[in-house]
Each structure stands twice: as structure tokens, then as C-alpha cells.
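Here are my notes for a colleague who is meeting this structure for the first time. Please read them with the model open beside you.

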2 protein chains.
Amino acid sequence: MPHSLHPQLQHDGHLLGQLGLSRLLLHRNALVPWFILVPEVEATQLHRMAVEQRRELMDEVAALSTVVEAYFECDRVNVATIGNQVPQLHCHVIARRRDDPCWPGVVWGRLPETGTTWSAQALATLTERLQAELELRPD
Amino acid sequence: MPHSLHPQLQHDGHLLGQLGLSRLLLHRNALVPWFILVPEVEATQLHRMAVEQRRELMDEVAALSTVVEAYFECDRVNVATIGNQVPQLHCHVIARRRDDPCWPGVVWGRLPETGTTWSAQALATLTERLQAELELRPD
């Protein structure tokens, strides 16, 4: 059975593609570059993952962080696994800037819902860069 | 030169001891069991850590999560590296319960400052358990 994405994650994000272990999503709210990695595992919490899989996830997090830090010229990358609302294991990787609307606070529960969205052109350019720098393939 | 703890972290937390790579703190606000690991590294962001050190940190996070999940009978462990306010690299490990005052939201910026504190007895019992189950030694 293929690994299915939780409906809330599907609703929240653009599916950019597939890394070695995880699906890569971009949150539809474009006020902050907010990525979500969804590893294809049964575990619902980080500490319940098999060690090798957790390492693979964290390698993906680190590689993605390096690329988005350069791409968005951000000041800080916020990384988190929370899952209080969506139980499927997922990891947030968020490019934060001092001039973003939530700085220095966190984004969860605080990002204005302004309807700001990623243009098709912005999504295509970003995806192209991620495909060039990560082993991202179409889902 | 010994690794010095950022004054804000020192202010926010009880120092419980030292793991292999990280100092272990417990946030003074006792409304939620909120741990902070401070790895003794120069890097200020997760993706800038040497791979082996990042793995060691995440092994510490996972081991701590397993112990606190059982100890506090929590529903979810939230794990995050944010650092928008305190640049020294630190990783939050928070035992969340459906009946805690922030659920299902995150704790950052949302935890009531009620002055609820850990008793000396609670700290001693918790530290004893952590010393028994993790390689935690006095700092």
C-alpha cells in the first residue's frame, strides 16, 4: 500500500516532490518559506523511528536547510517536529528572516492568513533549484 | 575555554546535568515539562553541525524523549531548534499532554507565566530518573 499523505498536510501544502525518505511539501502561505518533510515511515514520533531512518530524515533536513538558507537569504532555519494537530510524522523546515511577519516569534498559530500564495512561476523556479541541489524527484 | 551557556538559557532553566554532547536544562516554568539540550559545539544552527555531532545530538534527543514520554505519560513529544531569540544552538524537547495549558498549540510565546515552579523534590526525583536511564552526569 503506498504511503498516503494526511489530508491536512495535503490541504496545507504544495507537493514539490520526493526525496530519498520523505515527501517534500511547501506551505501554501507564501509569507514565510515553510517546508514540510513527510518521511514515509510508520512511526508517528521522531524518537520512535528506526535509528537509520531518523538519520536519513535529519540528513534530508540538513541538506534542505542549506539550500533554502542560500535561496531565501534567511537569517535562521527553524526545524521542528510537533504533530499535536496532525499525527502523521512530519518535520517543519522554515526559512526565517528578521523582516518576516512572525519574527522573532514562531510561525505556528501566528502566521497571518493573508491569502498570499506562491505564483506558478515562483514554484517552478524553486522546484528547479531544489531538483538541481537535492535528490528531489517528481512524486 | 569551557563552553559557556547563554545567559538567557541560564536564566530560563534549571541545569540538570551533562550528557555526552549536551548540557541538559529544564525550563523553570513547570506548567509543561520543557527540556532544553545545549550541545557544546561552535555551530549555531543544526544544518551547520558536523554530521557526527548532529547524529549524537539527535540520539540524545531521542533517548531523552523516550524517558520523558514514560515519566510524564505524555501524548506527544515536541522537538525543535528555533533560535530566533537566543543564537546559541539549543534544542527543545517538550512533553506535551492533551490537558496542558497550550495544547494543541505550541508552547513558544504561549505558555502562561503563572510562576508555577518545580519543587526541589520534583527536580531531585526527575534528575535521579534521568541519571538512571540516560548517561547524565552532574555538570
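Predicted model: local features only at pLDDT ≥ 70, side-chain atom pairs only at ≥ 80, totals over all residues.

1. A:Thr114 sits in the loop that links strand S5 (91–96) to helix H3 (120–133) of chain A. From A:Met49, A:Thr114 is separated by 65 residues in sequence and by 36 Å in space, taken from C-alpha to C-alpha.

2. Turning to the fold, chain A contains three helices and five strands, and from the N terminus on their order is α-β-β-β-α-β-β-α. Its radius of gyration is 14 Å, close to the 14 Å that the globule rule gives for 139 residues, so chain A is as compact as a globular protein of that length. The C-alpha trace spans about 40 × 35 × 25 Å along its principal axes.

3. Where contacts of chain A join residues at least 6 apart in sequence, 57% of them link residues at least 24 apart. The chain exposes about 6,400 Å², of which carbon and sulfur atoms supply 50%.

4. As for the two copies, chain A is superposed on chain B by a rotation of 180° with 0.0 Å of shift along its axis, at an RMSD of 0.0 Å; the copies are thus related as by a two-fold rotation axis. Among the residues of chain A, A:Ala80 comes closest to that axis, with its C-alpha at 2.0 Å. Since 100% of the interface residues of chain A are also interface residues in chain B, the copies meet through the same surface.

Notes:
Residues numbered from 1 in each chain as written. Chains lettered and ligands numbered in written order. Heavy atoms only, no water. Helix = DSSP H or I, 4+ residues; strand = E, 2+ residues; numbered from the N terminus. Least-squares fit on C-alpha atoms with pLDDT ≥ 70 in both. Contact = heavy atoms within 4.5 Å. Rg over C-alpha atoms; globule rule 2.2 N^0.38 Å. Areas by Shrake-Rupley, 256 points an atom, 1.4 Å probe, with all protein chains shown as cover.
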